[in-house]
Amino acid sequence: QLADAPLQQTVLVSSVGSQNKALLEMLTAKKIGIGTRLKVTHVYSFDNSLEINIDKGGSRNISQQLAQC
């Protein structure tokens, strides 16, 4: 799970925990898919959302719920 990724360490998305259509749609909108390299740069303690940096794709915030899929 992305929620367990160490801070500031590049990880490779190797699977998606669910094939739920809404989840896949959100991942696509955020440009996250199998083979995507990304780095968790910050975890916000208020709601445990993550700021991630995607290789060649800039930074984004994702919810804790998305990070746990």
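Of the 69 residues of the chain, 25% count as buried, where buried denotes under 20% relative accessible area, exposed over 50% and partly exposed in between, with a 1.4 Å probe and protein chains only. The model is a predicted one, in which local features need pLDDT of at least 70 and side-chain atom pairs count only at pLDDT 80 or more, whereas totals for chains, interfaces and linings use all residues. Residues are numbered from 1 along each chain as its sequence is written, and side-chain values use heavy atoms, with hydrogens and water left out.

The secondary structure consists of two helices and four strands, which follow one another from the N terminus in the order β-α-β-β-β-α; helices (H or I, at least four residues) and strands (E, at least two) are taken as DSSP runs and numbered from the N terminus. The radius of gyration of the chain is 11 Å, close to the 11 Å that the globule rule gives for 69 residues, so the chain is as compact as a globular protein of that length. This radius is taken over C-alpha atoms, and the rule itself is 2.2 Å times the number of residues to the power 0.38. Along the principal axes, the C-alpha atoms fill a box of roughly 30 × 25 × 20 Å. Among the contacts with a separation of 6 or more, 42% are accounted for by residues 24 or more positions apart, a contact being defined by heavy atoms within 4.5 Å.

The accessible surface of the chain amounts to about 4700 Å², of which carbon and sulfur atoms contribute 48%; the areas come from the Shrake-Rupley method with a 1.4 Å probe, and for residues only the protein chains shown count as cover. The mean positions of the 7 positive and 5 negative charges lie 9 Å apart. In this count Lys and Arg are positive and Asp and Glu negative, while His and the chain ends are not counted, and each charge is placed at NZ of Lys, CZ of Arg, CG of Asp or CD of Glu.

The largest nonpolar core comprises 14 residues, of which Leu2, Ile32, Leu38, Val40, Leu50, Ile52 and Ile62 touch the most other members. Two or more residues are given to this core by each of helix 1 (21-29), strand 2 (37-43), strand 3 (50-54) and helix 2 (64-67), and strand 3 gives the most, with three residues. Such a core is a set of buried Ala, Val, Leu, Ile, Met, Phe, Trp, Tyr and Cys residues joined through side-chain atoms within 4.5 Å. When neighbours within four places in sequence are left aside, isoleucine 52 is in contact with Leu2, Ile32, Leu38, Lys39, Val40, Thr41, Gly58, Ser59, Arg60 and Ile62.

Most residues other than glycine have a negative phi. Lysine 31, however, has a positive phi near 60 degrees; this residue is placed in the loop between helix 1 and strand 2 and, at 56% relative accessibility, counts as exposed. Asparagine 48 likewise has a positive phi, of about 60 degrees, although it is not a glycine. Asparagine 48 is placed in the loop between strand 2 and strand 3, and its relative accessibility of 34% makes it partly exposed.

Glutamine 68, found in the segment after helix 2, is partly exposed at 40% relative accessibility. Glutamine 19, in the loop between strand 1 (10-12) and helix 1, counts as exposed at 61% relative accessibility; glutamine 19 and cysteine 69 are 50 residues apart in sequence and 9.8 Å apart from C-alpha to C-alpha. Lysine 56 occupies the loop between strand 3 and strand 4 (58-62) and, with 90% relative accessibility, is exposed, its C-alpha atom being separated by 9.8 Å from that of threonine 36, 20 residues away along the chain. Alanine 29, which lies in helix 1, is exposed at 62% relative accessibility, and 16 Å separates its C-alpha atom from that of leucine 50, 21 residues apart along the chain.
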